[in-house]
Amino acid sequence: MKPAPFDYHAPETIQGALELLDRHGSDARVIAGGQSLVPMLALRLARPEVLVDLNRIPELAGIRDCGGTIRIGAMTRQAHALASPLLRDRLPLLGYGLYNVGHPPTRARGTIGGSVSHADPAAETPAVMLAYDARMVLAGKSGTRTVDVADFMLGTFETCIEEGEILTEIVVDVPPAEGTAFVELSRRKGDFAMASAAARMRLNEDGACASARLVIGAVAPVPLRFDAVTDALTGQVVTEGLLREAVSLIDLERFEFDNPDISLAYRRHIGPVLARRALMQAFERAGERRS
Amino acid sequence: MKMHDLELSVNGQSVSLRVEPRQTLADALRGTLGLTGTHLGCEHGVCGACTIIVDGEPARGCLMLAVQAQGAEVITVEGVSPPTGLSPIQQAMREHHGLQCGFCTPGMVVVLHHLLSTNPDPTDDDIREAISGQLCRCTGYQGIMAAARAVVARRRHEIRDN
């Protein structure tokens, strides 16, 4: 199918984009990489009157190393982030997640900010950003505000971005040396996840777990953190057996998605399996980074 | 709806286009420029038949609006083929039964062309990753893999012999 007609604007500054959004209100929709929005236009699931294209705004793209934090411009392409030596070294979990996003031709156009703002429950970047406690910088007519990722994601395809606002940047604190992993089950690599798990782990000097983080995605409208699991690991020497016990603390009641293709029962089965694998991999990588 | 005038480069030639914003780049290439080598299958980004190279990167022609290609350098399957005869990739596809119905072939040829021009000696995993977004509805992937491997092997020989 072909998209319904719309008007198109390609501003060259953030200010220009905000003015257009202000002028057109709820008739307008922002387009970033377009890898989700254009299919929605083609299927007429979205019928905006006006498209405001962010692709011509250079200040929205790029990755900045600010010492303790890394600032990722919302229009940074997924392929660019995947190829970035800085991100591979400092925020490797993002690369592990992005490797599961689509395919080279979609990652070449798709953006980090677009993926996070689209808030698809099966998407990888929101889970990664939650695992990193990222902060989202939103620009609007009356200035900018910064929102914690946990408050940013509200539900399926729903974020706290208000009408007239755009996501300009994602800010992530660089963690101390740690191991991270992203594990996903999908029918075919690059397809939507049936469930995914993101894990981070830091070891102390005697090799025990000093701190950890576990996020499970694609099982509920927003990615879920399971601190009970990671609390049970903290201070302990990690073994397969310990991980098995720890993932049994995942509160499966928080899993919500149930559909004919992937039942809730199956998600509740594979969620802990993926979590255990991700935590094990993060533990092994933490050991490599320490030695 | 307002029409937009564009200037872009397609297969090395400057072209001017007048497009409606909702027109996809793949439709503009096929309908307005007559470059029908770029195939349209699903028209919503799943099948990869419309894959072209935009500013040096492979991209879905159906997921870019033509109006977004203002100033871009676009290469289609016609642009990676010699004026007569077959390119080494096309020749290998023919020799190794990588064609079958041929519908996915333009997208496959384009992504393999991009892979080989950015990575002179790809592994099997690299090849699989490069074609991972391309659907072959004949499920002829083994022939396509064999063709890609053959091109890589031939290159290795050429490098060794020179």
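**Where the chains meet**

Modeller: Here, 29 residues of chain B are in contact with 31 residues of chain A. Keep in mind that this is a predicted model.

Colleague: How much area do chain B and chain A bury between them?

Modeller: About 2,500 Å². Carbon and sulfur atoms account for 57% of it.

Colleague: Why quote an area?

Modeller: The size of an interface is often given as the accessible area lost when the parts come together.

Colleague: OK. How many salt bridges are there between chain B and chain A?

Modeller: Four. One of them pairs A:Arg107 with B:Glu129. Their closest N and O atoms are 2.5 Å apart.

Colleague: And how many residue pairs are in polar contact between chain B and chain A?

Modeller: There are 10, counting pairs with both residues at pLDDT 80 or more.

Colleague: Which elements give two or more residues to chain B's side?

Modeller: β4 (57-60) and α4 (124-130) of chain B. β4(B) gives the most, with four residues.

Colleague: What classes of residue does that side of chain B have?

Modeller: It has 13 nonpolar, eight polar and eight charged residues.

Colleague: New topic. Where is B:Asp27 found?

Modeller: In helix α1 of chain B, which covers residues 25-32.

Colleague: Is B:Asp27 buried or exposed?

Modeller: Buried, because its relative accessible area is 16% and the cut-off is under 20%.

Colleague: What does B:Asp27 touch?

Modeller: Leaving out residues up to four places away in sequence, B:Asp27 touches B:Thr32, B:Leu40, B:Glu43 and, from chain A, A:Lys2.

Notes. Residues are numbered from 1 along each chain as its sequence is written. Chains are lettered from A and ligands numbered from 1 in the order in which they are written. This is a predicted model: local features need pLDDT of at least 70, side-chain atom pairs count only at pLDDT 80 or more; totals for chains, interfaces and linings use all residues. Side-chain values use heavy atoms; hydrogens and water are left out. Contact means heavy atoms within 4.5 Å. Buried area is the accessible area (1.4 Å probe) that two parts lose on being put together, summed over both. A salt bridge is a side-chain nitrogen of Lys or Arg within 4 Å of a carboxyl oxygen of Asp or Glu. A polar contact is a pair of N or O atoms within 3.5 Å; within protein, one must be able to donate a hydrogen and the other to accept it, and residues adjacent in sequence count only if both atoms are side-chain atoms. Ala, Val, Leu, Ile, Met, Phe, Trp, Tyr, Cys and Pro count as nonpolar, Asp, Glu, Lys and Arg as charged, and the others, Gly among them, as polar. Buried means under 20% relative accessible area, exposed over 50%, partly exposed in between (1.4 Å probe, protein chains only).
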